[in-house]
Amino acid sequence: MKPRLKHSLVFLAYFALYSIPNMAQNKTITQKVDSLLNLMTLEEKVGQMNQYNGFWDVTGPVPEEGNAAIKYEHLKKGWVGSMLNVTGVENVRKLQKLVVEESRLGIPLIFGFDVIHGYKTVAPIPLAEAASWDLDAIKRSAQIAADEAAAVGINWTFAPMVDISRDARWGRVMEGAGEDTYLGMQIAKARVKGFQGDDLTSNNTIAACAKHFAGYGFAEAGRDYNTADFGTSTLFNTVLPPFKAAVDADVKTVMNGFNVLNGVPVTGDSYLQRDILKEKWGFDGFVISDWASIGELVPHGFAENLAQAAEIAANAGSDMDMEATAYVTHLADKVKAGKVSESHIDDAVRRILTVKYELGLFDDPYRYCNAQREKERLNHKEHHAGVLDMAKKSIVLLKNEGNLLPIKKNQPKIAVIGELANDNNSPLGSWRLGSDNNTAVSVLEGLKKFSSNITYARGPKVFDPEASFLNHVKINESDETGMDEAVALAKESDVVLIVLGEHGFQSGEGRSRTKLGLPGLQLKLLQEVYKVNKNAVLVLMNGRPLTLEWEAENIPAILETWQLGTQTGNAIAQVVFGDYNPSGKLPMTFPRSVGQVPIYYNHNSTGRPNPQPNVFWSHYSDEKNEPLFPFGYGLSYTTFAYSDLKIDTSDKNNIKVEVTVTNMGEREGEEVVQLYIHDKVASIVRPVKELKGFQKINLAPKASQKVQFNLTDKELGFYNNAYEFVVESGTFDIMVGTNSQLGLQGSFTLN
Ligand code: NOJ
């Protein structure tokens, strides 16, 4: 360790930083970075690769040595490149000032935070947003999140999570875009562009982070942090493309993950991080480890100790160490011992400094620290309007027998039942660290703005009121107090809205479940209510697909509302009373039972797909193969008819598919028109169906619209096992329709 620097050196540092790389405005960022790099000691370089958690909020287990005194010491030495979980203009300014004024070179910190779905104004959980299939609304939602985050001093969000997942048991499905790669790619781009905008230096944009590279969404048995084990074709064709889409959209950072893939923990995987991400894709931002994932190479049995873990991760291309203290403690020694080449260190630091320059932090380290802006931007009314729009578009109508929905506002007796109906906290969902508790508009509050004929009964208690981001939610499984009152109310009402589901903190990181039914006594409550009143509307709130077989069989109307954030009640009320016609489509398959999981629409065919009189075909003896609700499924208050499918193959490089969609009903509505392909015979087995295009259209009653899609090599090709993109001749079946199971079918042949 070096002794503390004298004033003359500090002065020199100021001169160096603010005169050499900065005043020479005509220099490119690359030149500025190189000039600065030349001034840095090895320890200072390694310092840039070190990220510490702040001293307030925690989003992971804190290592013992991560105490505040050491962190302050390191900040002053310039041994910290970034902080996470430090928010608020005052806090950010304090730490930035410490580093800029007291460290030798005064290199500003970059402040990262999990801005997953909004900051103070909370948007729907990402899985819900994905259900909108509305890329403009999703982009706008990320812009709002960035605007508020930047206003509290944050420069960098750890979002979007672009992990594809087929397993509803995994709690983090709430944070992604669901099971489909194509949809996931479009959403990844929209969210990166929303966060980063066109100008990263502006005070309402922040750097984005595509995570978790790669395969984390395939955690075995849906248990968080578990090993992932899948083949090359799935890696290349399913898991990697959303990351590639984010890189193509110029995402500034990528986070690796906790999981092992093919025996290699991804944090220590140089094939993924160096060969694919940085070399093949040309990614020029930096890679951040996940929380302590470098240290976790030790329990994985991939490194003997923290020092070796630092060596492996740095050599593998992990540029910044989140809170494992591996780099700051051991990396300089590893370089001196010749175990890590200094060129790897220089490359990592160049990447990190470049992003800091791009954010404008060298021009003004306090550019995101404006107290006035902080006051004005949080909870701005435009932000509330934006997340309300996003929320109503995220709702999926799963069933509507006899057109029970929408409900008439003047219906004399409307019963609202269920603890979640009267909850201002749970609808904010998981991962909403910047928000204040209990700030969602509850369903009850929203509904009451539309009708004064509403009476509420809670039913039995479901969730522990102390539920928080750090702990599991305790569930009442036995106390039926409240059941009788709710049933009595249902009995005397014209219609019952019953709001049931998961608590917002039952999904998210570290929250895997083996049971996917309604928690606690909620199903019993629903059954008792249904016995006395058949006009029951089930309003679901959940962060993942649930198993709802009895519910889907019996309850006439079901709305999937996920967790919709700050504007939850207002959005649901607009749909329930018909001011907004629901248009969402499921981004993940809903299973009938947990035993079917992982269940997803774009699976490969087995060799025995067809029912046989005997047992020797691919099926269950106690369950159907089909899901309860398929991917892409969602109804509207109107209906749409599909006709006139045309396939024009005159240009082999651009096959045109056209379909006519007609609104058959009496009210305006939006439809997500979906195009699926199936490459019938190929050198690698292709999925039975793959989404390759979608368009969300709005149709007036009785109006028709022609919808066109183009199929080019990009849509028709795939990656072979050598990671080469190939387009093969042969026959393709196509389907254009309203969900992954229903549509007009055709085919064409590529020669
Ligand atoms: C661990 C999570 O896996 C990651 O997604 C998150 O960004 C970090 N913790 C920081 O909170």
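These legends describe close-up views of a predicted model. Residues are numbered from 1 along each chain as its sequence is written. Local features need pLDDT of at least 70, side-chain atom pairs count only at pLDDT 80 or more, and totals for chains, interfaces and linings use all residues.

**View 1. The largest pocket has a volume of about 930 Å³.** Tyr600, His603, Asn625, Glu626 and Pro627 are the closest to its centre, out of 31 lining residues. The lining has 15 nonpolar, twelve polar and four charged residues. On a 1 Å grid over the protein atoms alone, a pocket is an open set of points with protein on both sides within 12 Å along at least five of seven lines; lining residues have an atom within 4 Å of a point. Points are joined across faces, edges and corners, and a volume is the space filled by probe spheres set on them. Ala, Val, Leu, Ile, Met, Phe, Trp, Tyr, Cys and Pro count as nonpolar, Asp, Glu, Lys and Arg as charged, and the others, Gly among them, as polar.

**View 2. The second largest pocket has a volume of about 790 Å³.** Of its 36 lining residues, Thr181, Met185, Asn237, Pro241 and Lys692 lie nearest the centre. Helix α8 gives the most to this lining, with five residues. Helices (H or I, at least four residues) and strands (E, at least two) are DSSP runs, numbered from the N terminus. By class, the lining divides into 16 nonpolar, ten polar and ten charged residues.

**View 3. The largest cavity holds about 110 Å³ of space.** A cavity is a set of grid points where a 1.4 Å probe fits but cannot get out. The whole structure has five cavities of 30 Å³ or more. Seventeen residues line the largest cavity, with Met161, Val162, Gly176, Ala177 and Ile187 nearest its centre. Here too α8 (181-196) gives the most to the lining, with four residues. Ten lining residues are nonpolar, three polar and four charged.

**View 4. Trp133 and Phe631 form a tilted aromatic pair.** Their centres lie 5.5 Å apart, with 45 degrees between the planes. Rings of Phe, Tyr and Trp (its six-membered ring) pair if their centres lie within 6.5 Å; planes under 30 degrees apart count as stacked, over 60 as edge-to-face and the rest as tilted. Trp133 lies in the loop between α6 and α7 and Phe631 in the loop between α21 and β17, so the pair ties together parts 498 residues apart in sequence. The structure holds 25 aromatic pairs.

Notes
Side-chain values use heavy atoms; hydrogens and water are left out.
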